[in-house]
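Work through the following exercises with the sequence and the structure in view. Each task is followed by a solution in steps.

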Amino acid sequence: MSILNSAVSGRGFNTLVFCLYMLSIPVNASSAEYKVSMQGWEFDPASLMIKTGDTVIWINNDDTRHKLSFEDSSLGGPTRENAHKFNIGENFSFRFTKVGEFKYTCITHEGQDMSGIVIVKD
Ligand SMILES: [Cu+2]
């Protein structure tokens, strides 16, 4: 049996496939998910630092409704005119594809200063 044969057959081949798979992991794992809880009329965490391509999931853990609105309309997310309305227990996810600092508020509870920020880096 030649060296080449042993490398591409049986266990050698499995090891080769495994190594290629491990090399591909950083590319596949480049996007992450973050959760922000709405509880006690606050966002928790109120400040998040993420990377482009990451997703943030807001979860309404209050027994009241909330309304999410981003300040920057160029983000493509919900805005004051088109806020995302959360019923009790409802989730909303948004994937950030732009670098920047994006402030958001619950427009129902602005008087209670219910606000947060997502900082997106490359
Ligand atoms: Cu609210």
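**Exercise 1.** Determine in which sense β5 and β6 run, and how many bridges join them.

*Solution.* Step 1. β5 and β6 run antiparallel, and three bridges join them. Strands here are DSSP runs of E with at least two residues, helices are DSSP runs of H or I with at least four residues, and both are numbered from the N terminus. Two strands pair if DSSP finds at least two bridges between them.

Step 1. The model is predicted: local features need pLDDT of at least 70, side-chain atom pairs count only at pLDDT 80 or more, and totals for chains, interfaces and linings use all residues. Residues are numbered from 1 along each chain as its sequence is written.

Step 2. The bridge partner of L68 in β6 is H84.

Step 3. β5 also pairs with β8, in the antiparallel sense and over three bridges. There, F70 has Y104 of β8 as its bridge partner.

Step 4. Four of the five residues of β5 are buried, so this strand is largely enclosed by the rest of the structure. A residue is buried if 20 or more other C-beta atoms lie within 10 Å of its own, exposed if 12 or fewer, and partly exposed in between, with C-beta atoms placed from the backbone.

**Exercise 2.** Describe the surroundings of H84.

*Solution.* Step 1. H84 is found in strand β6, which covers residues 84-86.

Step 1. H84 has 18 C-beta neighbours inside 10 Å and therefore counts as partly exposed.

Step 2. Not counting residues up to four places away in sequence, H84 touches K67, L68, P78 and F92. Two residues are in contact if their C-beta atoms, placed from the backbone, lie within 7 Å.

Step 3. From H84 to I107 the separation is 23 residues in sequence and 9.8 Å in space, C-alpha to C-alpha.

**Exercise 3.** State the strand order of the open sheet of five strands, and identify its edge strands.

*Solution.* Step 1. The order is β3-β9-β8-β5-β6, and the pairing is mixed.

Step 1. β3 and β6 are the edge strands, each pairing on one side only.

Step 2. From one strand to the next, the twist averages 25°. Such angles run from 0 to 180 degrees between N-to-C directions, with axes being lines fitted to C-alpha atoms, for helices over the stretch in contact.

Step 3. S47 is found in the edge strand β3, residues 47-51. With 11 C-beta neighbours inside 10 Å, S47 counts as exposed.

Step 4. S47 is in contact with G116 and I117, leaving aside its neighbours within four places in sequence. S47 and V118 lie 71 residues apart in sequence and 6.0 Å apart in space, C-alpha to C-alpha.

**Exercise 4.** Identify the residues of the largest nonpolar core that touch the most other members.

*Solution.* Step 1. A nonpolar core is a set of buried Ala, Val, Leu, Ile, Met, Phe, Trp, Tyr and Cys residues joined through C-beta atoms within 7 Å.

Step 1. The largest core has 16 residues, of which V56, W58, L68, F96, F102 and V118 touch the most other members.

Step 2. β1, β4 (55-60), β5 (66-70), β8 (100-106) and β9 (115-121) give two or more residues to this core. β8 gives the most, with three residues.

Step 3. Leaving aside neighbours within four places in sequence, W58 is in contact with V36, M38, L68, N91 and F92.
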